[in-house]
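Let's take a walk through a protein model together, looking at which side chains meet and where they sit.

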Amino acid sequence: MSTMTQKTKALLDLLRLHFFFVWPTLFSAGLFVGFYFNGGFSPLLILQAVLIGFLGFEGGLVLNDVVDADIDRKELAQDKGLTKYWRPFGQRPISGGLISRRHATVVFAVLAVSASVVIATLPYPHSLYVFTLLAVCYCLEVFYQFKKRNEKIPVAQVVGRVDFALFLVAGYLCVGNPDLNALLLFLFFYPLALAHLGVNDLIDVGNDQARGMNTPTTLYGVKNTVYWVAAFSVAHVVLALVFLSRIWSLAAALGFAVGLILIVVGNVKILKGKTPQIALKALPMFHLAMLIYAITIIANCFLTAL
């Protein structure tokens, strides 16, 4: 295999590029909620949101690898299920020596600066809102990666995963202002982000033990983490219904129903199996639910914005 091919594959793994369409879709869902409540529908804003969502989230993924490069070397050779799921060629490129930490840092800087440049083209004060959330999310990512190395209760998870929910809020703030709708959008997604993280921790418990990571699973065991996932999923169902009432339509209700069914089915599988292997099979249900929510929100708010 040529060096160029190896480097290309390593870069694709670093960027988790097979999920490239998810990040701008989620970000755009927040934007379309902004259109729904504030007006201002604009194809240019959609293009800006797509670029910000892609560049900003990819930057966060690379930052994750840069911060965790040394810890990731402790991944168990026989327990790479989550790595193979998240990365198209199943390799951690920095810890595997395929990309240097310095080069990965450059990639992060290019992505973050590029996202910031696009953010600067948004009207003020929306540019300030979104840039502030970009900086906050990157800081939360670093906090999460360091804090979970030394904690007795899952502070890293509860605080750190605020960044995922803020991602949709940042999309909203491209055209909206900090208000009740932004808060409800955050509350709709935040419990799902915590449930999703719990599923990831269930799957990766072997590697987290080898790395000395403190996650709900290593702190409280697999069984209690299953209940963690279930509890935050229940909270998500309640808050999803609250948020749905704000953008109500029959089409939106049907789309949300599909997403909620996937979350419930994923939880049932995990509750019955209570193993990392079953959690890995359930994880795509959580991801598909997120994507369906986003597409539903975009379609519903687009029809209203026209």
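Across the whole structure, a search turns up eight salt bridges. The model you're looking at is a predicted one. As background, side chains of opposite charge can pair when their charged atoms come close.

Let's begin with Asp70 and Arg101, whose side chains meet in a salt bridge at 3.2 Å, N to O. Asp70 belongs to helix 4 (residues 69–72) while Arg101 belongs to helix 6 (residues 101–120), so this pair ties together parts that are 31 residues apart in sequence. How much of this pair can be reached from outside? Asp70 has a relative accessibility of 44%, so it counts as partly exposed. Arg101 is partly exposed as well, with a relative accessible area of 35%. The reasoning is simple: partly exposed covers whatever falls between the buried limit, under 20%, and the exposed limit, over 50%.

Next, find Arg161. Its side chain meets that of Glu141 in a salt bridge, at 3.1 Å from N to O. Arg161 sits in the loop between helix 8 (155–160) and helix 9, and Glu141 sits in helix 7 (residues 126–147), so here the pair ties together parts that are 20 residues apart in sequence. Are these two partners buried or exposed? Arg161 has a relative accessible area of 13%, which means it is buried. Glu141 is at 8% relative accessibility, so it counts as buried too.

Arg161 lies over the face of Tyr144, at 4.3 Å from the ring centre.

Arg211 is buried, with a relative accessible area of 7%, and Asp204 is buried with a value of 6%.

Time to move on to rings. Searching the whole structure gives 25 aromatic pairs. One of them is Phe20 with Phe21: the ring centres are 5.7 Å apart and the planes stand at 85°, so the pair is edge-to-face. Phe20, at 44% relative accessibility, counts as partly exposed, and Phe21 is partly exposed with a relative accessible area of 36%.

Compare that with Phe164 and Phe189. Their ring centres lie 5.1 Å apart with the planes at 90°, so this pair is edge-to-face. It links distant parts of the chain, with Phe164 in helix 9 (residues 162–172) and Phe189 in helix 10 (residues 180–203), 25 residues apart. Phe164 and Phe189 are both buried.

Which residues make a nonpolar surface patch of about 280 Å²? The patch is made by Phe41, Phe302 and Leu303. Leu303 has its place in helix 15 (residues 276–305). With a relative accessible area of 62%, Leu303 is exposed, because exposed means over 50%.

Note on methods: Residues numbered from 1 in each chain as written. Predicted model: local features only at pLDDT ≥ 70, side-chain atom pairs only at ≥ 80, totals over all residues. Heavy atoms only, no water. Patch = residues over 30% accessible without salt bridge, like charges linked within 9 Å, V, L, I, M, F, W, Y side chains within 5 Å. Areas by Shrake-Rupley, 256 points an atom, 1.4 Å probe, with all protein chains shown as cover. Salt bridge = Lys/Arg side-chain N within 4 Å of Asp/Glu carboxyl O. Helix = DSSP H or I, 4+ residues; strand = E, 2+ residues; numbered from the N terminus. Buried < 20%, exposed > 50% of the residue type's maximum accessible area, 1.4 Å probe, protein only. Phe/Tyr/Trp six-rings, centres within 6.5 Å; stacked < 30°, edge-to-face > 60°. Lys NZ or Arg CZ within 6 Å of the ring centre and 35° of its normal.
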